[in-house]
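Subject: A structure to look through

Hello,

Please find below the structure that I promised to pass on to you.

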Amino acid sequence: MSILFKNVCLPESCGFEGSTVNILIKDDTITYVGKDVSDERADRIIEGNGNLVIPAFYNAHCHSAMTLFRGYGDDLPLQRWLNERIFPAEDRLNPERVYTGSLLAIAEMIKNGVVSFSDMYFFLDDTARAVEESGVRANLSRAVVSFDKDADFSKDTRVLEAIDVFYRWHNKANGRIKIDMSVHAEYTNVEGCVRYVAEVAKMLGTGLHIHASETIAEHNECIERHGVTPIRFFERCGALDVPVTAAHCVWVSDDDIRIMKERGVSVVHNPVSNLKLGSGIMPYRKMKQAGLNIALGTDGAASNNRLSILREMQYAALIHKGAELDPALTCAGDMLKHATRGGAIAQGRDDCGLVSEGMKADLVLIDMQAFDNIPSYSCESSLCYSASESNVLMTLCDGNILYENGTYTSIDEELLRHNAKSVLSHYFD
């Protein structure tokens, strides 16, 4: 199927500032961006009326099924939040609950213009099923934890599950589903397990998803345990020998930043979750100056409590200005890049995250006629500082329209609401 967007605006960074363009999509790919294209070349024509088309958002760090714990454990520091609320609640998860929680997250993200997410969790088959059915993209990884240094990690059920899922789901659904390996964090793993999982990732030719230096306690306790920072620890274990997505990185040192740049680590900024848990603020200036690939993530809905990359982009644009007393430290164009192309790079999707010919047709149509976007002297600035999720008119992934004018095309809203209520009705009894 082919779709033609007529008379739409693009972000200034796309090179068409101040004028409207046409975008032609054939199947899952953008085949033309410019002034001239014939209406006869498209099966469906969408009149843009000067509204904004952007690359769809990428959520580079998420625990999707944690929508089930939204608001459960608010106003607690990370370790109490984990040990008193989240870990006990996760012990009661099962495949049905994870599927429903994942689909609930996906529905929220689609409505907010997010078409891809990097998920670290368990019961991956059920999240993968939700991804396949809904039409979005995802990099899924089974979170591995280990506490017995003498264990045989080749027989660890979590590791075996991760490998099994890789062989059954990697690159399925037209490549929309990718499977990565994961070690949850330094403080939830022994060194031998990290080394083993890193070797498995090398063998499979896939990436690794980790938490790193989220809190000052985690950072300092790692130094006490191992004599090095979490980033140095992961490097020593060989974990940085593969493509790594490192979430949080709030308390990294200058040396950590140098290592991450040398090893090509993608760092995921989670400003809302880090603020809500009182974890701190990522050193954005140093990471930007070092040339790191920066992506944005929401973390799970239990620590956010929303799954909106637009909101993460807006928070990230503001907090660093205020924290460092420098209004020029962040700019709207960079924030849009982090929210889109940065996430695609972190996921190893080189053909995603840009509005240009030959790229995958992952697009969002933004209402620039909404009152909160009038006037608009810069599309990127409007998006970064004034737009809201309600401005999302349409969300496309792989050339398929998943959401249009308040209606989903791949998700039964009422059935999902019913199933969510059913799953939650006796969860905490």
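A residue is called buried when its relative accessible area is under 20%, exposed when it is over 50%, and partly exposed in between, with a 1.4 Å probe and protein chains only. Please keep in mind that this is a predicted model, in which local features need pLDDT of at least 70 and side-chain atom pairs count only at pLDDT 80 or more, while totals for chains, interfaces and linings use all residues. Residues are numbered from 1 along each chain as its sequence is written, and side-chain values use heavy atoms, with hydrogens and water left out. Helices (H or I, at least four residues) and strands (E, at least two) are DSSP runs, numbered from the N terminus.

I begin with the backbone. L325 has a positive phi of about 55 degrees although it is not a glycine, and this residue sits in the loop between α11 and α12 (332-339). With a relative accessible area of 77%, L325 is exposed. C249, which is not a glycine either, has a positive phi of about 50 degrees and lies in the loop between β11 (244-248) and α8 (254-262). Is C249 buried or exposed? Its relative accessibility is 0%, so C249 counts as buried.

There are also cis peptide bonds to look at. One joins N304 and N305, with omega at about 15 degrees, and N305 belongs to the loop between β13 (293-296) and α11 (309-323). Another joins I374 and P375, where omega is about -5 degrees, and P375 is placed in the loop between β14 (363-366) and α14 (379-385).

Next come the helix pairs, for which axes are lines fitted to C-alpha atoms over the stretch in contact, and angles run from 0 to 180 degrees between N-to-C directions. Angles under 35 degrees count as roughly parallel, over 145 as roughly antiparallel, 65 to 115 as roughly perpendicular and the rest as oblique. Helix α3 (residues 124-134) packs against helix α4 (residues 157-169) at an angle of about 25 degrees, with the axes 10 Å apart, which means that α3 is roughly parallel to α4. Helix α2 (residues 95-111) packs with α3 at an angle of about 40 degrees, their axes being 8 Å apart, and α2 and α3 are therefore oblique to each other.

Finally, there is the matter of pockets. On a 1 Å grid over the protein atoms alone, a pocket is an open set of points where a 1.4 Å probe fits, with protein on both sides within 12 Å along at least five of seven lines, and lining residues have an atom within 4 Å of a point. Grid points are joined across faces, edges and corners, and a volume is the space filled by probe spheres set on the points. The largest pocket has a volume of about 510 Å³. Of the 27 residues that line this pocket, the closest to its centre are F87, E90, Y121, F122 and H184. The elements that give two or more residues to the lining are α1 (78-90) and β7 (114-121), and the largest share, 6 residues, comes from α1. Y121 is found in strand β7 and, at 3% relative accessibility, counts as buried.

Best wishes
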